[in-house]
Amino acid sequence: MAGMTYGSLLDGDSRYMGYALREAERALECGEVPVGCVIVHDGQIVGKAHNQRETLQDPTAHAEILAITQAAAHFRSWRLEGAKLYVTLEPCPMCAGAIILARIAEVHFGAFDPKAGVCGSLMNLLEDPRFNHRPRVCPGLLAGECGDILTRFFRRIREGAGIPKPRASCDDI
Ligand code: ZN
C-alpha cells in the first residue's frame, strides 16, 4: 500500500492516535458512530472532537470537520499549514476535501473504511496530484484498536441492544 510508513512512525504519532481513540470512546458513549480526531500543531493539540452527527442532527458533524473548525478558531485562520490530523477512521470525501482546503500537512488514520473512505479505499483524494495541496498520508496507525471500537458499536446494533442513550455531556467537547 502506497504511503505506508510504519517504520518511520514516532511514538508521538501513536500517542496522538490514542487521544483520537479516547474521543471515539466518547462518541460510543453518546450513541454516535465511534470516530475520533485530534489535530496537532508544534506538539500542541489544537483541535479534538468526535463524531456528533446524531447529537447535532448535522450531516457535516464528522469528527474531522469539528476538529478542523476548532483548530481554525484557535489560530483565527483557515490555513492549518504544518498541522497533523489523527483520525481513527479513513476520511470520507467531505472530510478529505476539508483537509485539502485547510492545507493540513499530514494525515494519520487508523482503520480503512471500504464503504466511504477516499484515502486509499474507494479512491485516493489526498494523494491526487491534480490538487495543489497534497497532505502526507499515513494509514493504519493503531488500526486494530480503531477498527475494534467500530466493530463493538455495530455488533451492539446488530444484536438489537440498540444505541445507548446520549449522556448530558455529549454536547461538550
Ligand atoms: Zn467525514
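Colleague: Let's start with helix α3: which of its residues are buried?

Modeller: In this predicted model, the buried residues of α3 are Ala-63, Glu-64, Ile-65, Leu-66, Ala-67, Ile-68 and Ala-71. They pack against α1, β1 (36-41), β2 (44-50), β3 (84-89) and α4 (93-101).

Colleague: What makes the span of α3 close to the expected one?

Modeller: The helix covers residues 63-75, which is 13 residues. From first C-alpha to last, α3 reaches 19 Å, and 18 Å is expected at 1.5 Å a residue. After α3 comes Arg-76, with a positive phi near 50°.

Colleague: And what does Ala-67 touch, leaving aside its neighbours within four places in sequence?

Modeller: Ala-67 is in contact with Cys-37, Val-38, Ile-39, Gly-47, Lys-48 and Ala-49. Ala-67 is also among the residues that touch the most other members of the largest nonpolar core, along with Ala-20, Cys-37, Leu-85, Tyr-86, Val-87 and Ile-99. That core has 48 residues.

Colleague: Which elements each supply at least two residues of this core?

Modeller: They are α1, β1, α3, β3, α4, β4 (106-111), β5 (136-139) and α5. The largest share comes from α1, with seven residues.

Colleague: Let's stay with α1, then. Why is α1 called roughly parallel to α5?

Modeller: Helix α1 (residues 11-29) and helix α5 (residues 143-158) pack at an angle of about 5°, and their axes are 10 Å apart. Angles under 35 degrees count as roughly parallel, so α1 is roughly parallel to α5.

Colleague: Which residues meet there, and how do they divide by type?

Modeller: From α1 come Leu-21, Ala-24, Glu-25 and Leu-28, and they meet Glu-145, Cys-146, Ile-149 and Phe-153 in α5. The residues of this contact divide into six nonpolar, no polar and two charged.

Colleague: Why does Arg-103 count as partly exposed?

Modeller: Arg-103 has 16 C-beta neighbours inside 10 Å. Buried takes 20 or more and exposed takes 12 or fewer, with partly exposed in between, so Arg-103 counts as partly exposed.

Colleague: And where is Leu-142 found, and what is its phi?

Modeller: Leu-142 is in the loop between β5 and α5. Its phi is about 50°, positive although Leu-142 is not a glycine. Leu-142 has 21 C-beta neighbours inside 10 Å, so it counts as buried.

Colleague: Stepping back, how many helices and strands are in the chain?

Modeller: There are five helices and five strands, and along the sequence they follow the pattern α-β-β-α-α-β-α-β-β-α. Of the chain's 173 residues, 42% count as buried. Among contacts between residues at least 6 apart in sequence, 59% join residues at least 24 apart.

Technical notes: Residues are numbered from 1 along each chain as its sequence is written. This is a predicted model: local features need pLDDT of at least 70, side-chain atom pairs count only at pLDDT 80 or more; totals for chains, interfaces and linings use all residues. Axes are lines fitted to C-alpha atoms, for helices over the stretch in contact, and angles run from 0 to 180 degrees between N-to-C directions. Helices (H or I, at least four residues) and strands (E, at least two) are DSSP runs, numbered from the N terminus. Angles under 35 degrees count as roughly parallel, over 145 as roughly antiparallel, 65 to 115 as roughly perpendicular and the rest as oblique. Two residues are in contact if their C-beta atoms, placed from the backbone, lie within 7 Å. Ala, Val, Leu, Ile, Met, Phe, Trp, Tyr, Cys and Pro count as nonpolar, Asp, Glu, Lys and Arg as charged, and the others, Gly among them, as polar. The expected span of a helix is 1.5 Å times one less than its number of residues. A nonpolar core is a set of buried Ala, Val, Leu, Ile, Met, Phe, Trp, Tyr and Cys residues joined through C-beta atoms within 7 Å.
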